[in-house]
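Here are my notes on this model, for you to read alongside the coordinates. I start with the metal site and then step back to the chain.

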Amino acid sequence: MQTNQRRAFLKTFSAAAVGGLAAGSGLASLNAFAADAKIKPGADSALIVVDVQNCFIPGGTLPVDKGDEVVPVINKIATVFENVVMTQDWHTPDHASFASAYSGKKPFETTKLSYGNQVLWPDHCVQGTEDAALHKDLKIPQAELIIRKGFHKDMDSYSAFLEADGKTSTGLAGYLQQRKIKTVFVTGLATDFCVAWTAMDARKLGFNVYVVEDATRGIDLNGSVAKAWADMKAKGVKRIQSGDIAA
Ligand code: VGL
Ligand code: ZN
């Protein structure tokens, strides 16, 4: 094809992509052909805003570097979503994921629990505290559901879908399935823990999954951010930027 023909083809093709297809299966690959085609979340898409709570923001108990920077990005993309779900890490005092629950353990060391390895964290996101509240600048009034996780004292839950035993359900999959949601866009904190585990479980449960990179920030323990992206890629999670979503 000659350049001008090719341009004309791309133009038609991208218009068809934007107009004719709901966000989802085909669009990421179509983007390879039509650079100006943006992803348009439809009625069967949901934005998942993971753990944008004071605890994970600088000044909180388990601060993620630049965690506050995700707030305006998430507020902006949320305006194009009909469906938004938010999560809150919601631990008991003396939670099994807290280093303070063990004598001789320090934060960021690990221990073995019944379900496997557990990173031990500073006390964070304790139920009902201001530290566990959602960030005050989140402006997503249409959010339909706030799902809390990590509330079983003896078990952590990075994922918004399944607790750390990989079996106990939070109910989120059932909620999304009953609402006929097929595609989820995952944002929030932290990239390498709750965002990655949520995205990978969503794939396992059959959802089409995007992670919006600039709407996340990571904790990064020993290269865990790079590992999380590699693991997510291997599971079929699609990595995009907020600018790839139609405004
Ligand atoms: C998280 C560590 C411990 C997260 C929650 O939201 O990524 N990370 N609890
Ligand atoms: Zn936690």
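1. The site of the zinc ion (ligand 2) is irregular, with angles of 88 to 169 degrees among its 4 donor atoms. For reference, the ideal angle for four tetrahedral donors is 109.5 degrees.

2. Asp89 (OD), His91 (NE2) and His124 (NE2) coordinate the zinc ion (ligand 2) at 2.0 to 2.1 Å. Donors here are N, O and S atoms within 2.8 Å of the metal (3.2 Å for Na, K and Ca); water is not among the atoms, so sites may look incomplete. Along the chain, the donors follow the spacing D-x1-H-x32-H.

3. Asp89 is buried at 3% relative accessibility, and His91 is buried at 0%. Buried means under 20% relative accessible area (1.4 Å probe, protein chains only). Of the 247 residues in the chain, 49% are buried.

4. The chain has 6 helices and 8 strands, in the order α-α-β-α-β-β-β-β-α-β-α-β-α-β from the N terminus. Both are DSSP runs: helices are H or I with at least four residues, strands E with at least two.

5. Please keep in mind that this is a predicted model, in which local features need pLDDT of at least 70 and side-chain atom pairs count only at pLDDT 80 or more, while totals for chains, interfaces and linings use all residues. Residues are numbered from 1 along each chain as its sequence is written, ligands are numbered from 1 and chains lettered from A in the order in which they are written, and side-chain values use heavy atoms, leaving out hydrogens and water.

Notes
Buried means under 20% relative accessible area, exposed over 50%, partly exposed in between (1.4 Å probe, protein chains only). Four donors count as tetrahedral if all angles lie between 85 and 135 degrees; four count as square planar and six as octahedral if opposite donors are over 155 degrees apart and all others between 65 and 115; anything else is irregular.
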